[in-house]
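Subject: Structure handover

Dear colleague,

Here is the structure I said I would pass on. My notes on the pocket, the surface patch and the salt bridges follow it.

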Amino acid sequence: MSFGAYIADRLVPLVVGAVALAFCALVMTVYGLDLAATGFVCGVLVLAAAVALLLDWLHRRAFYQRISDMLDSLDETYLTTELVGRPGFLEGELFYDALDRESKAMRDRIAAARRRSREYREYVETWVHEIKTPIAAARLIAKNNPSPVVDSIDAEVDAIEGYVEQALYYSRGTSLERDFQIREVDLGEVVRDALRHKARALIGARVAPELGELSFTVHADPKWLAFVIGQALVNSAKYRGEGDGRGRVRIFAERRETGLDAWETVLALEDDGVGIPAADVGRVFDKGFTGENGRRFARSTGMGLYLVRELCEKMGVRTWLESVEGKGTTVYLGFPDMAERA
């Protein structure tokens, strides 16, 4: 609050006071008081009023400045009254009380929203675990009754399991304290685990994996990392080239220097599929974005790459992709050295 704004806010009482002072000076002159004495009295009153206004402005300004600084620095601005003391003037007290009531109401609403979110997440996780039982039973029935039709049904069950897995990781991704642990993992082992889980999708799409150098140790959550790699593999199968020949996905890792004495391990998953149109490349990690390929391949949900980025960000792993339409797509995961995480 500037001093000019403060004076403008008190313009009416100041004008009234000036008129009253002028009237008093006139009365003193009429009653024969010496002009020098009249001027001295008026000067003292004006100086006293100016000092009082200045001190009052400084007192109020300190409180409002603290409020403004807190609102600018806090992400959760509803906590402002928890960090700013109660002022010592009436207007400030009324403002503080109103702000504090709104702050408490906001905290209550946020607590209720978090509770509902937690309950919904717990329900989704429970549902996912429950649905795994009929999925496993369907797989067992399919295995005991082999036939082309049953094999097709089993493939659809596999797709259902993939979407169920997406729902589980989407739910878990909103809460770091649940099922999340960063530790040293063997990159090649995690890649092979993801390939085992997505083998049916790759075989069905006639996409052959080609493994390059993978003998690296990185820091990540192994379950989350296997899921992330699996999503990239599913995309390689889903968006295989439209020719009659076999597709391939080449998986390899290498060390790259990112700065002065700074390195990262980069895992690349390079396929020779349909590629992504240049206009869509910048948005493929957006939630629900399907793009041109999503319209051509009707089973796209726009959630796979979104989950890849979300989970990688929580693990501190960089993720990006490069693609040329008609030639293929390469998804990259960059694992920084542990010293860089600290």
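For the residue classes used below, Ala, Val, Leu, Ile, Met, Phe, Trp, Tyr, Cys and Pro count as nonpolar, Asp, Glu, Lys and Arg as charged, and the others, Gly among them, as polar. Please keep in mind that this is a predicted model.

Pocket

The second largest pocket has a volume of about 220 Å³. Its lining consists of nine nonpolar residues, one polar residue and no charged residues. Pro 13, Leu 14, Gly 17, Ala 18, Leu 21, Leu 45, Val 46, Ala 49, Ala 50 and Leu 53 make up that lining. Helix H2 (11–30) and helix H3 (35–73) each contribute at least two of the lining residues.

Surface patch

Phe 3, Leu 47, Val 51, Leu 54, Leu 55 and Leu 58 form a nonpolar surface patch of about 530 Å². Helix H3 gives the most to this patch, with five residues.

Salt bridges

Side chains of opposite charge can pair when their charged atoms come close. The structure holds 14 salt bridges, and I describe three of them here.

Arg 139 pairs with Glu 161, with 2.7 Å between the closest N and O atoms. Arg 139 is partly exposed at 22% relative accessibility, and Glu 161 is partly exposed at 34%.

Arg 196 and Asp 193 form a salt bridge at 3.4 Å, N to O. Both residues lie in helix H7 (residues 187–197), three residues apart, or about one turn of the helix. Arg 196 counts as exposed at 57% relative accessibility, whereas Asp 193 is partly exposed at 24%.

Arg 248 forms a salt bridge with Glu 210, where the closest N and O atoms are 3.9 Å apart. Here too the pair links distant parts of the chain: Arg 248 belongs to strand E4 (residues 247–259) and Glu 210 to strand E2 (residues 207–211), 38 residues apart. Arg 248 is partly exposed, with 27% relative accessibility, and Glu 210 is partly exposed, with 36%.

Finally, salt bridges that share partners join Arg 139, Asp 154, Asp 158, Glu 161 and Arg 200 into one network.

Regards

Methods
Residues numbered from 1 in each chain as written. Predicted model: local features only at pLDDT ≥ 70, side-chain atom pairs only at ≥ 80, totals over all residues. Heavy atoms only, no water. 1 Å grid on protein atoms, 1.4 Å probe; cavity = no way out; pocket = protein on both sides within 12 Å on 5 of 7 lines; lining within 4 Å. Points joined across faces, edges and corners; volume = space filled by probe spheres on them. Helix = DSSP H or I, 4+ residues; strand = E, 2+ residues; numbered from the N terminus. Patch = residues over 30% accessible without salt bridge, like charges linked within 9 Å, V, L, I, M, F, W, Y side chains within 5 Å. Areas by Shrake-Rupley, 256 points an atom, 1.4 Å probe, with all protein chains shown as cover. Salt bridge = Lys/Arg side-chain N within 4 Å of Asp/Glu carboxyl O. Buried < 20%, exposed > 50% of the residue type's maximum accessible area, 1.4 Å probe, protein only.
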